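Colleague: Can you walk me through this one? I'd like to start with the pockets.

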Amino acid sequence: METIVLVHGAWSDASAWNAVVPLLKAKGFVVIAVNLPGHGTDTTSFANIDFQSYVKTVENAIGDKKSVILLGHSMAGQVISQVAEEIPGQIKELIYLAAYLPKSGESLLSLAQQDAGSHTGKYLSIDKDHGAAIIAKEGIVDVFAEDARKDVQDFIVANWKTEPLAPLASPVTLTEANFGSVNKAYIYTVNDHAISYAFQQNMVKVSAVNKTFILTSSHTPFISMPGKLVDAIVKASK
């Protein structure tokens, strides 16, 4: 049985995958949904969170497993890229889901500033005193979950949390020998207001991506179309 490790994005947590995990298990995968420090029920102080703590959390979840399929959503594209750089021999494939796909030296913030089609910027504020990135409540549905059911949208807004700032500003360090040696697939989200479809395409164009798939979803297809997403993940893993 192949292992697939799922890594959530910013302003999210491992529960994002609740509808996806049982479907992947039914397809025969061993599934690990990672919860990053400072997210969900984890109470790690933002002052103690940096990009490398995300990377180490994912590496600890992988442990000594081999041939791992590593999937990252959104911000976690940065994380899975760095993990592949550090333990390339354990990764069978990287799957980027509506995710940042960096080159060496790029941070999430440096990439996000290039995305003219994103709606995130107009709702984003930075609290430097507390090391937090904040999305205004009125922008949450627009940016992240426009195609979710109304009750789900209301739940997301009601349970929203701020995001640790430091990891968003940290650049990745990648080499062709390590990161470049790992197969990559990208799942596009056409109606995405967080990372625009055009910008997703631009990142893929300048990267060595082996396979691409398209979902006509917002930024969170694991909420709006988990079945279609799982079908794409299964195809990407082969």
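Modeller: The lining of the second largest pocket divides into six nonpolar, four polar and three charged residues. Here Ala, Val, Leu, Ile, Met, Phe, Trp, Tyr, Cys and Pro count as nonpolar, Asp, Glu, Lys and Arg as charged, and the others, Gly among them, as polar. This is a predicted model: local features need pLDDT of at least 70, side-chain atom pairs count only at pLDDT 80 or more, and totals for chains, interfaces and linings use all residues. Residues are numbered from 1 along each chain as its sequence is written, and side-chain values use heavy atoms, with hydrogens and water left out.

Colleague: Which residues lie nearest the centre of that second largest pocket?

Modeller: P102, E176, F179, G180 and A208, out of 13 lining residues. A pocket is an open set of points on a 1 Å grid over the protein atoms alone, where a 1.4 Å probe fits, with protein on both sides within 12 Å along at least five of seven lines; lining residues have an atom within 4 Å of a point.

Colleague: And what is the volume of the largest pocket?

Modeller: About 990 Å³, taken as the space filled by probe spheres set on the points, which are joined across faces, edges and corners. Closest to its centre are A10, W11, S12, F144 and W160.

Colleague: New topic. At what angle do α2 and α3 pack?

Modeller: Helix α2 (residues 51-62) and helix α3 (residues 76-86) pack at about 65°. Helices are DSSP runs of H or I, at least four residues, numbered from the N terminus. Axes are lines fitted to C-alpha atoms over the stretch in contact, and angles run from 0 to 180 degrees between N-to-C directions.

Colleague: Which residues of α3 make the contact?

Modeller: Q78, V79, Q82, V83 and E86, with contact meaning heavy atoms within 4.5 Å.

Technical notes. Helix = DSSP H or I, 4+ residues; strand = E, 2+ residues; numbered from the N terminus.
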